[in-house]
Amino acid sequence: MYGKEEDNRRGVIFNIQKFSIHDGPGIRTTVFLKGCPLQCKWCSNPESISPSPEIMVYDARCIHCGKCEEACPEGAIVAIEGSERIDLAKCTHCMECVKVCHSKALERTGTDMTVREVIEEVEKDSLFYQNSGGGVTLSGGEPLFQWRFTRGILQECKEMGFHTALDTTGYASWEVLEDVLRYVDLVLYDIKHMDDQCHMEGTGVSNTRILENIRRTASVVRTWLRFPVIQGFNDSPENVDGVASLALELGLEKVSLLPYHEWGTAKYDKLGKRYVSPYSGQISDERLEEIKSVFEKKGVVTTLKG
Ligand code: SF4
Ligand code: SF4
């Protein structure tokens, strides 16, 4: 309970989403942590990748007052073609520019919080968890990137009687994952590609550790598999069959198909990054149903989202 040293552990989160119904059973609060060791080319949450707080620039709100340039101690802000641009190589995340921008053209993403502060926030909806069979889900980014902070939140949630879920890529050492899993009731485990070379091309990392860890995870904790379906990357018949076979072999309770969407692409520009994914285009409903039927024919319970 409160007062433990662990309660004061700090971490960086970029969102706390209330009334979430797609991140585990019942009504949940999903805590999104910053920082991810993967570099998925299609990532729809680019603000989740860096572990540090960042600034998003909303051009349409800028009144070109120049206050941010004056306030920046690093000379990191310059106006280019009427837009304020932040030189990410110079920026130290001091947030002085955000403080002086009264038109909210500069917004901070990423809040430094203690475990206790997160718990105080999620605790507000405990009645909804009780009444719906819900709880708290930790997501990202990759929540294991800040694993001690993640473990602290999960441990506190368990002590308060909340159901806990961990939404993870599984890209961590088994020692870290095993330690965190002591406080997890349900794992939502992302599998992106069964072929190692393809996995490296799409995410920047090998899938070897991820596939080893899902086997170990499923043997100790209730596990649902999440399959983000990215047209042109992982929707081939061979890969779909491979993921479905893995779910069957491990006896997983459920698979969720998460179709790629383009909602996140505009965020890259706001962060001063470029969206360069070779994979684009929404997968058709028909193709998604075909993929779903591949899983179902193997007897694996499969849903779209959720
Ligand atoms: S302080 Fe805000 S409104 Fe003023 S120039 Fe900078 S971004 Fe634009
Ligand atoms: S956050 Fe970055 S851009 Fe803004 S004032 Fe500080 S150093 Fe300059």
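I began with helix H6 (residues 174-181) and helix H8 (residues 208-220) in this predicted model. I found that they pack at an angle of about 20°, with their axes 11 Å apart. Angles under 35 degrees count as roughly parallel, so I logged H6 and H8 as roughly parallel to each other. I noted their crossing as right-handed.

Next I looked up the residues in this contact. From H6 I listed Trp 174, Leu 177 and Leu 181. Across from them, H8 brings Asn 213, Arg 216, Thr 217 and Val 220. I sorted the residues of the H6 contact with H8 into 4 nonpolar, 2 polar and 1 charged.

Then I turned to the sheet. I traced 9 strands in the order S7-S1-S2-S8-S9-S10-S11-S12-S13. The sheet is open, and its pairing is mixed. Which strands are the edge strands? I found strand S7 (111-114) and strand S13 (302-304), each pairing on one side only. Neighbouring strands of this sheet are turned by 30° against each other on average, direction ignored.

I checked one pair in detail. Strand S10 (residues 186-190) and strand S11 (residues 222-229) run parallel, joined by 5 bridges. I picked out Val 187, whose bridge partner in S11 is Thr 223.

Last, I looked at helices on the sheet. Helix H3 (residues 115-123) touches strand S1 (10-20), strand S2 (28-33), S7 and strand S8 (135-139). The direction of H3 makes about 90° with that of S7. Helix H5 (residues 147-159) also packs on the sheet, touching S1, S2, S7, S8 and strand S9 (163-168). I read about 155° between the directions of H5 and S9.

Definitions and conventions: Residues are numbered from 1 along each chain as its sequence is written. Chains are lettered from A and ligands numbered from 1 in the order in which they are written. This is a predicted model: local features need pLDDT of at least 70, side-chain atom pairs count only at pLDDT 80 or more; totals for chains, interfaces and linings use all residues. Side-chain values use heavy atoms; hydrogens and water are left out. Axes are lines fitted to C-alpha atoms, for helices over the stretch in contact, and angles run from 0 to 180 degrees between N-to-C directions. Helices (H or I, at least four residues) and strands (E, at least two) are DSSP runs, numbered from the N terminus. Angles under 35 degrees count as roughly parallel, over 145 as roughly antiparallel, 65 to 115 as roughly perpendicular and the rest as oblique. A crossing is left-handed if the near helix is turned anticlockwise from the far one by less than a right angle, and right-handed if clockwise. Contact means heavy atoms within 4.5 Å. Ala, Val, Leu, Ile, Met, Phe, Trp, Tyr, Cys and Pro count as nonpolar, Asp, Glu, Lys and Arg as charged, and the others, Gly among them, as polar. Two strands pair if DSSP finds at least two bridges between them.
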